[in-house]
Amino acid sequence: MAQKTGRIIIKLDGTTLQSKQGARLQVGGIQREADISDQGQSFYMERVTPAQVVATLIHTAQTDLEALRDFAGGTVLFECDTGRRYTVPNAFVTELGELQNGEVEITIAGDPAVQS
């Protein structure tokens, strides 16, 4: 029976984040935008979009919010329990939400993800 991705491990430069269920990955890469002429012919334009990782972290005594906020130029590993792994190079934190009820949401972007 085929396994569906359920659990995720997220690492910033090798350090595992204590993320809750529901972490998301947008792999980025080439995106195509459709257009059409008055004569009915379709065209598209390509652009490169960044990868994006969004997760809710559990805040503990070991969680360094300042280090997370300042994270830039590192590598993010998004590892699925199915064995699929995605590496986001040149990653940086774009948003660190507010600490509330022992949790904080983080958004990380970087170069398009590479499957390994």
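How many nonpolar, polar and charged residues does the lining of the largest pocket have? The model is a predicted one, in which local features need pLDDT of at least 70 and side-chain atom pairs count only at pLDDT 80 or more, while totals for chains, interfaces and linings use all residues. Residues are numbered from 1 along each chain as its sequence is written, and side-chain values use heavy atoms, with hydrogens and water left out.

By class, the lining has 7 nonpolar, 6 polar and 1 charged residues, where Ala, Val, Leu, Ile, Met, Phe, Trp, Tyr, Cys and Pro count as nonpolar, Asp, Glu, Lys and Arg as charged, and the others, Gly among them, as polar. A pocket here is an open set of points on a 1 Å grid over the protein atoms alone, where a 1.4 Å probe fits, with protein on both sides within 12 Å along at least five of seven lines, and lining residues have an atom within 4 Å of a point. Of the 14 lining residues, Thr15, Leu17, Gln62, Asp64 and Leu68 lie nearest the centre of the largest pocket. Two or more residues come from each of strand 2 (15-17), strand 6 (51-58) and helix 1 (65-70), these being DSSP runs numbered from the N terminus (helices H or I, at least four residues; strands E, at least two).

Most residues other than glycine have a negative phi. Asp13 counts as exposed because its relative accessibility is 51%, the cut-off for exposed being over 50% relative accessible area (1.4 Å probe, protein chains only).

Methods. Buried means under 20% relative accessible area, exposed over 50%, partly exposed in between (1.4 Å probe, protein chains only).
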